[in-house]
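Subject: A structure for you to look at

Hi there,

Here is the structure I promised to pass on. Please open it next to this email, and then read on for what turned up in it.

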Amino acid sequence: MEWKEHVRWFAPVLATAVAFIVTYYGPRLAEKDRLRRAALVLFTIAFLASAVAGLFGAFLNKVAAIR
């Protein structure tokens with residue numbers, strides 16, 4: 001249960017890193033393939049971490065509901 005709570009913190013941290021990269025490089029990001037792919041991978045990991053935390057939260061709420 002605590003793992004789900006900690007993994008959700010990856011999403012905003014990684015999304016903020018991607019936002020910084022996009023803001024810092026702007027249109028020049030289109031020329032930098034490796035950096036653009038790294039940003040895409042970071043954003044994908046952020047989305048997946050959020051999805052995993054949400055799924056685990058829903059699962060735990062269904063199985064171990066507090067009454």
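Helices are DSSP runs (H or I, at least four residues), numbered from the N terminus, and strands are runs of E with at least two.

Before going further, a word on the model. It is predicted, so local features need pLDDT of at least 70 and side-chain atom pairs count only at pLDDT 80 or more, while totals for chains, interfaces and linings use all residues. Residues are numbered from 1 along each chain as its sequence is written, and side-chain values use heavy atoms, with hydrogens and water left out.

Back to α2. Ala11, Leu14, Val18 and Ile21 are its buried residues to look for. They sit on the same side of α2, because they cover an arc of only 100 degrees around the axis (the arc is that of the directions from the helix axis to the C-beta atoms). α2 itself has 16 residues and spans 22 Å from first C-alpha to last, close to the 22 Å expected at 1.5 Å a residue; the expected span is 1.5 Å times one less than the number of residues. Just after α2 comes Gly26, with a positive phi of about 55 degrees.

Next, the aromatic rings. How many aromatic pairs does the structure hold? There are two. Rings of Phe, Tyr and Trp (its six-membered ring) pair if their centres lie within 6.5 Å; planes under 30 degrees apart are stacked, over 60 edge-to-face, and the rest tilted. Phe20 and Tyr24 make a stacked pair, at 5.6 Å centre to centre and with 20 degrees between the planes. These two are four residues apart in helix α2 (residues 10–25), so about one helical turn separates them. Tyr24 also pairs with Tyr25: their ring centres are 5.0 Å apart and their planes stand at 80 degrees, so this pair is edge-to-face. Tyr25 is partly exposed, at 24% relative accessible area. Through these ring pairs, Phe20, Tyr24 and Tyr25 are linked into a cluster.

Now to helix α3. It has 31 residues and reaches 44 Å from its first C-alpha to its last, close to the 45 Å expected. Ala39, Ala46, Ala49 and Ala53 are buried in α3.

Which side chains meet in a salt bridge? Asp33 and Arg36 do, at 2.8 Å from N to O, and one salt bridge is what a search of the whole structure finds. The term asks for a side-chain nitrogen of Lys or Arg within 4 Å of a carboxyl oxygen of Asp or Glu. Both residues lie in α3, three residues apart, which is about one turn of the helix. Asp33 is partly exposed at 41% relative accessibility, and so is Arg36 at 34%.

Leu48 and Phe10 are 38 residues apart in sequence and 9.6 Å apart in space, C-alpha to C-alpha.

Enjoy exploring, and write back with any questions!

Definitions and conventions
Buried means under 20% relative accessible area, exposed over 50%, partly exposed in between (1.4 Å probe, protein chains only).
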